[in-house]
Amino acid sequence: MSLQSQDILRRSASPTQPPIAREHKEEVAKLIDVTTCIGCKACQVACSEWNDLRDEIGSNVGVYDNPADLTAESWTVMRYSEVEQNGKLEWLIRKDGCMHCADPGCLKACPSPGAIIQYANGIVDFQSEHCIGCGYCISGCPFNVPRINAKDNKAYKCTLCSDRVSVGQEPACVKTCPTGAIRFGSKEAMKEYAAERVGELKTRGFDQAGLYDPAGVGGTHVMYVLHHADQPELYHGLKKDPEISPVVNLWKGILKPLSTIGLAASVLFGFFHYIGVGPNKAEEDEEEKA
Amino acid sequence: MQVNRRQFFKLCAGGMAGSTIATLGFLPEKALADVRSYKLMRASETRNTCPYCSVGCGILMYSLGDGAKNAKSDIFHIEGDPDHPVNRGALCPKGAGLVDFIHSPNRLKYPEVREAGSNEWKRISWDEAFDRIARHVKTDRDANFIEKNADGVTVNRWLSTGFLAASASSNEAGWLTHKFTRSLGMLAVDNQARV
């Protein structure tokens, strides 16, 4: 039932070029304005409703975070952090989930051809039927987002509602957000809106307000407006300069092509040796002895 | 075909080398990918109002089946109505999870009564329920209706019974609620008319 979408920028573990003729597509982005979020979790509910996910009902662990962590059936969770800034308590609430990096670490680390793809609009999507459950995407992810499902041993994460976006709708979490803290549109439009919000926050005394669109992963298609953009760590350990692990880069960027060349060279050497020197002839009497 | 030992080894080695190269990335695969098919494509869309609080958000309910006589409709997805002036598509966590509320096994679907002294709920018919309610209303009103206050002024009030109405009612339902309660002299009416 696969369609010829022709708009796949990248495909995991595939040396062949995917068809990218339809790459003249607007890059989309989700903007999460942490400063207007009230932590109601409507996005969590709308996500599981739209995606037909029903995670196991957990237990209260003493904080508002519920479920306590992302799971294969909870693709977004609210992270609540109580921090002290400028001598007063601040309650920072961040919607956690896949950031849809322009340079996705999960896709780079994935060894299964076509299990992770990146569309021209920027969405990074898992094609779960190709997933082999190795978990390399988790080590490759700078934001620790994908999770393996114990029931089928496959990795899952937010799809940015690629099924809704493909028919021109916004993701389910964006649509439901009662305070309008989650917005969706072209990446350009979202940057403009974010700049407006940052300007407003600065007039309200948040001098370090800013947009979180980390360059280390080529920018993301899920961005945050933060009151303390200089200290993203305050928001439940959001990384300041997220980068794909050097191990993944070394292994997939250097070692894998090298090993492929090495293998091809040894095969070629064997072939030319056979042509040039010929097969190794055993002596008649030796064969008899053996 | 005659294959001697040496040729057999050659065949095996050749096959192994070929398959190794293929699995190491020299075998092109179809570069196809697809998003999940859009699940509302041919679903029936019905507008309604969220049953929870008095904000009264507009919802869109999507159901299986196209109304054909042999198909039984069933709601499988609910989201906010973008054309509704109250919420313009947004829903709170309770509204966003309405589909599970509809299909909840704990949902009340018929009248039940827990008799005094009993700890069990018993299913009763609608007729029986209405009769019982009317009986309670009449008995209580006959006993506690206040016609005149201490100064002898006619007040016609009934303070010992209240009325719980719906927050998401239309004007017409609201008018009926008011007409019914006030004609009995009832003052305590709660429409959950607050956020």
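**Note on chain A and its contact with chain B**

1. In this predicted model, 34 residues of chain A are in contact with 24 residues of chain B. On the chain A side, the elements giving two or more residues are β1 (8-11), α1, α4 (162-165), α5 and α7 (246-276). Helix α1(A) gives the most, with four residues. By type, the chain A side divides into 17 nonpolar, eleven polar and six charged residues.

2. Look next at α1(A), residues 42-50. Nine of its nine residues are buried, so the helix is largely enclosed by the rest of the structure. Being buried here takes 20 or more other C-beta atoms within 10 Å of a residue's own. The buried residues run from A:A42, A:C43 and A:Q44 through A:V45, A:A46 and A:C47 to A:S48, A:E49 and A:W50.

3. What do the buried residues of α1(A) pack against? Within chain A, the partners are β3 (77-85), β4 (88-96), α5 (172-176) and β9 (182-186). From chain B come α2 (93-96) and α3 (98-102).

4. After α1(A) comes A:D52. The phi of A:D52 is positive, near 55 degrees.

5. Now chain A as a whole. It holds eight helices and eleven strands. Buried residues make up 41% of its 290 residues. Take the contacts between residues at least 6 apart in sequence: 61% of them join residues at least 24 apart.

6. The overall dimensions deserve a check. Chain A has a radius of gyration of 24 Å, whereas a compact globule of 290 residues would have one near 19 Å. Along its principal axes, the C-alpha trace spans about 95 × 45 × 45 Å.

Technical notes: Residues numbered from 1 in each chain as written. Chains lettered and ligands numbered in written order. Predicted model: local features only at pLDDT ≥ 70, side-chain atom pairs only at ≥ 80, totals over all residues. Rg over C-alpha atoms; globule rule 2.2 N^0.38 Å. Buried ≥ 20, exposed ≤ 12 C-beta atoms within 10 Å, placed from the backbone. Contact = placed C-beta atoms within 7 Å. Nonpolar A, V, L, I, M, F, W, Y, C, P; charged D, E, K, R; others polar.
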